[in-house]
Amino acid sequence: ALLETAFQGEDKKALLKLSPLRWDPSSGQLLLARRLRVRLVFAGRAQDEIARGAFRGRRPRRGKPRPEALLAQLATPASGLHAVAFESVFPGGARRMRSSELALTHLGDPVAFRVVPQPHRFGPGSRLLFWSEGPATNPDANEVVFELSRAAGGLVMPSREAAPSGPAVGEVLATARFEQNARYQPALVEAPDPWLWDYVLSPSRKDFAFDLPGVRGDSSTPGRLTVQLQGVTDFAADPDHHVRLSINGVPLTEVEFEGRASLAVTAEVPASLLVPAGNRLEIDNVGDTEAAYSLVYLDHFAVDYPRALGAPEGAVEGRATLGGAAVVSGLSDGGTAALLDTTEAVPVWLTGAAAAASDAVAFRVEAGRRYAVTDSAAIRPVQVRFLAETTLRDPSNAADWVVIAPRAFAAAAE
């Protein structure tokens with residue numbers, strides 16, 4: 001009897017059950033057959049197998065996309081709205097395809113996208129747009145890599161009408177984040193991030209410069225400072241650290257904390273303290289605790305600040321504090337700017353905006369929601385990568401070991 005068939009490598013094999021012993025109830029004897037004749041009948045070709053001649057073939061794995069479904073990897077080190085052209089994905093040319101045949105993912109999770117100028121067709125002259133939070137989604141990397149595949153079920157960016165109406169809105173609350181991974185501290189095993197910016201040893205202070213493009217110093221909306229500190233020294237004294245924070249020479253807050261704790265310190269910042277360029281964050285490690293000394297690191301800091309709706313650099317992003325009609329100026333072409341609501345994990349494409357001038361666009365905003373306006377000339381490009389076909393199955397690759405490591409370790413591995 002034929003029990004089952006299976007593949008071992010490229011060879012198809014059949015499992016047979018043979019019974020040389022047979023009981024004869026009429027004679028009450030157990031009979032042994034010294035020779036068995038077996039006949040296998042092939043009924044035809046199996047539809048879910050690939051024939052390769054003789055007894056060789058393959059049964060494709062089910063439930064997994066075929067390797068050829070991956071079209072390209074899209075890499076970027078920046079946050080914001082990104083675009084990839086059809087010609088960059090298919091440099092050798094290809095026929096246009098439906099947007100419903102595309103899927104964009106990051107680490108296996110779906111990423112919303114929109115195809116322009118025809119949302120339902122991706123072909124010559126088309127661009128695929130998507131939003132990236134940048135390395136903030138992976139603090140240990142200097143870029144984010146997305147995968148564009150030919151697959152059904154991709155997440156198409158939803159759209160919403162945002163025709164301008166209501167009172168004029170002149171600002172948003174923008175966020176500027178500052179971080180440098182300058183010093184690696186492997187001994188801080190419990191720290192959220194072992195890559196830190198700079199240290200402040202008591203009793204001393206250090207300044208960190210930062211710019212806030214478009215800040216409105218005359219706004220009645222206050223800003224907010226968030227500083228992520230990492231304690232290093234841990235003595236018997238409690239607390240170990242006493243830190244004061246100032247911006248542009250004006251004290252904002254102070255905090256005491258213990259040992260190797262990671263602490264986020266926040267403080268309200270009057271808008272009148274902030275200037276577009278040349279601001280200074282001052283971290284003062286006071287050194288007046290009973291600890292022998294205090295060593296504290298700065299990990300990163302961020303400033304929420306009222307920003308005017310001008311886009312000299314081609315993009316504006318922020319949270320609306322009031323609802324109404326927002327007018328963003330300073331664009332190369334107000335009629336072609338891309339508008340997104342980035343409040344939720346899936347951005348929403350906004351339609352119905354009106355060109356307020358040749359360099360401005362007007363649209364409706366709702367208080368508490370986050371928006372991004374990007375000039376068509378400021379949409380960020382991506383690096384398109386094509387994966388080379390693997391040679392690991394080549395019989396001539398008789399490697400004893402396969403080493404996966406940073407390229408800098410290649411010489412030592414050899």
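In the predicted model, a search of the whole structure identifies 12 aromatic pairs. A pair of aromatic rings is described by the distance of the centres and the angle of the planes. One of the pairs is formed by F86 and F122, whose rings are arranged edge-to-face, with 5.1 Å from centre to centre and 75° between the planes. F86 belongs to helix 1 (residues 86-89), whereas F122 belongs to strand 13 (residues 121-122); the contact therefore ties together parts that are 36 residues apart in sequence. Both F86 and F122 are buried.

An edge-to-face arrangement is also found for W197 and F208, because the planes of these rings stand at 65°, which is over the limit of 60 degrees for this class. The ring centres of W197 and F208 are 5.3 Å apart. W197 is placed in the loop between strand 20 (195-196) and strand 21 (198-201), and F208 in strand 22 (residues 204-210), so this pair ties together parts that are 11 residues apart in sequence. With a relative accessible area of 12%, W197 is buried, because the limit for a buried residue is under 20%. F208 likewise counts as buried, at 6% relative accessibility.

A contact between a charge and a ring is found at Y199. K206 lies over the face of the Y199 ring, at 4.0 Å from the ring centre.

G108 is found in the loop between strand 10 (102-106) and strand 11 (109-110). The relative accessible area of G108 is 62%, so this residue is exposed, the limit for that class being over 50%. Between the C-alpha atoms of G108 and T336 the separation is 32 Å, and the two residues are 228 residues apart along the chain.

The empty spaces of the model were examined next. Rolling a probe the size of a water molecule over the atoms shows where empty space is left. The second largest pocket holds about 1,300 Å³ of space. Its lining consists of 38 residues, and S79, T175, A176, R177 and E317 are those nearest the centre of the pocket. At least two lining residues come from each of strand 8 (80-85), strand 18 (171-179), strand 28 (295-308), strand 29 (315-319) and strand 35 (370-374). Strand 18 contributes the most to the lining of this pocket, with six residues. By class, the lining of the second largest pocket comprises 17 nonpolar, 11 polar and 10 charged residues.

The count of cavities of 30 Å³ or more comes to one. The largest cavity has a volume of about 50 Å³. It is lined by V172, L309, V316, A326, V328, F363, V365, Y371, A372 and V373. Strand 30 (324-328), strand 34 (360-365) and strand 35 are the elements that supply two or more residues to this lining. The contribution of strand 35 is the greatest, with three residues. The lining of the largest cavity contains 10 nonpolar residues, no polar residues and no charged residues.

Key
Residues are numbered from 1 along each chain as its sequence is written. This is a predicted model: local features need pLDDT of at least 70, side-chain atom pairs count only at pLDDT 80 or more; totals for chains, interfaces and linings use all residues. Side-chain values use heavy atoms; hydrogens and water are left out. Rings of Phe, Tyr and Trp (its six-membered ring) pair if their centres lie within 6.5 Å; planes under 30 degrees apart count as stacked, over 60 as edge-to-face and the rest as tilted. Helices (H or I, at least four residues) and strands (E, at least two) are DSSP runs, numbered from the N terminus. Buried means under 20% relative accessible area, exposed over 50%, partly exposed in between (1.4 Å probe, protein chains only). A charge sits over a ring if NZ of Lys or CZ of Arg is within 6 Å of the ring centre and within 35 degrees of the ring normal. On a 1 Å grid over the protein atoms alone, a cavity is a set of points where a 1.4 Å probe fits but cannot get out, and a pocket is an open set with protein on both sides within 12 Å along at least five of seven lines; lining residues have an atom within 4 Å of a point. Grid points are joined across faces, edges and corners, and a volume is the space filled by probe spheres set on the points. Ala, Val, Leu, Ile, Met, Phe, Trp, Tyr, Cys and Pro count as nonpolar, Asp, Glu, Lys and Arg as charged, and the others, Gly among them, as polar.
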